[in-house]
Amino acid sequence: STRSDLNAYFERDPVLGQPLGKVTRGWAFSEIEIGARFKLLDTFGWPERPEPEPEPEPEVEARPVEGDTTGVREPVAPAPPPADDEDPNFVPPAPERPEAGAPVEAAAEAEQAPVDRSGVRFRTTVGARYRFPLSDADQDPYMDPDVFLQQPIGTGQADLQLELFQDVAFGQRFMAVAGVTYGLQFKDELVRRVSLPGQPYGYASQKTTVSRDLGDFLEIVISPRFSLTDAMSLAVEYTFWNKGSDVYQATSGGVDASPLNTETSRTRHMLGIGAYYRTTRLFAAGRAGMPIDLAFLWQTAISGSGGQTPALGVVTLSIRVPIQLF
């Protein structure tokens, strides 16, 4: 836009100015998703929890029963050793050294053994998610749709996302994670200002109710990972994201809403690094107090196309605590 465009906008519509320092913004939910995943193939397996060792039975000694000549003896607990103050020369016996291969050493070796075996392993998972249309830019209590500088925190329409994940592990240190998500974005209705591409700002008189069908999207994630320990791993993560063009149609008034479709397709390539701390498999092996998954990911856009594709950077922190239901 130019200075003359801005002046023309202010001359046509009444403008209410407010210093940014006086504006108070709250928070609201953008979207809530519910989903499920199912494993089709899994050669990773789960580490076996070690069996608890039985407690040793106390030693007993036998003495003959008084008045019994049959030689039957009854077990009697051994007498306690004399106290230190009763026998000044008393020396406690040295503990017996366990023999090689004793349960104590076996348990120690099990604690140090890796939870994953060597070799190549595969895991294939499919899933689906449904996004509820909770956020509405025209009804958001912290948004004003007539203020063009504000942006909604959600799209405000329902989505159905289909997912496919493939994990391949090489030995005990290297793993590659790949995921494909295809999102179906459903139609909805809302009020928009329809202006021609050459008009930088839409006027209030150009408001109309339109049917909106956001373009479906495809997301591909590839993440090679290196395990530092059984719980800690580092990753390099690449994400490809593509969205088709949106389709807007006026529901009444004979208005041509096609200008809203302009430059709505997007393609973005992002690259970043991540760190993951997961004790789920250690918990299954009896070597962690609770299962927890922590993930930190930093990504930045390295290239893209589309008239409205932002060159953004994203920082993601996620915490998951699995709970066994049955």
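**View 1. Arg 129 and its bridge partner in β5.** In β5, Gln 161 is the bridge partner of Arg 129. This is a predicted model, so please read each view here as a prediction.

**View 2. β1 meets β4.** Here 10 bridges join β1 to strand β4 (residues 120-132), again in an antiparallel run. To find your bearings, look for Ile 32, which stands opposite Phe 132 in β4.

**View 3. β12 beside β13.** Strand β12 (residues 266-278) and strand β13 (residues 293-305) run antiparallel and are joined by 12 bridges. A handy landmark is Leu 271, with Thr 300 of β13 standing opposite.

View 4. Step back, and 9 strands form an open sheet with antiparallel pairing, in the order β1-β4-β5-β6-β9-β10-β12-β13-β14. β1 (32-42) and β14 (313-320) stand at the edges; each has a single partner strand, so one side of each is left without a neighbour in the sheet. On average, neighbouring strands of this sheet are turned by 15° against each other, direction ignored.

**View 5. The chain as a whole.** The protein chain holds 3 helices and 14 strands. Of its 326 residues, 26% count as buried. The protein chain exposes about 22500 Å², and carbon and sulfur atoms supply 59% of that area. Among contacts between residues at least 6 apart in sequence, 68% join residues at least 24 apart.

Notes: Residues are numbered from 1 along each chain as its sequence is written. This is a predicted model: local features need pLDDT of at least 70, side-chain atom pairs count only at pLDDT 80 or more; totals for chains, interfaces and linings use all residues. Side-chain values use heavy atoms; hydrogens and water are left out. Two strands pair if DSSP finds at least two bridges between them. Helices (H or I, at least four residues) and strands (E, at least two) are DSSP runs, numbered from the N terminus. Axes are lines fitted to C-alpha atoms, for helices over the stretch in contact, and angles run from 0 to 180 degrees between N-to-C directions. Buried means under 20% relative accessible area, exposed over 50%, partly exposed in between (1.4 Å probe, protein chains only). Contact means heavy atoms within 4.5 Å. Accessible areas come from the Shrake-Rupley method with a 1.4 Å probe; for residues, only the protein chains shown count as cover.
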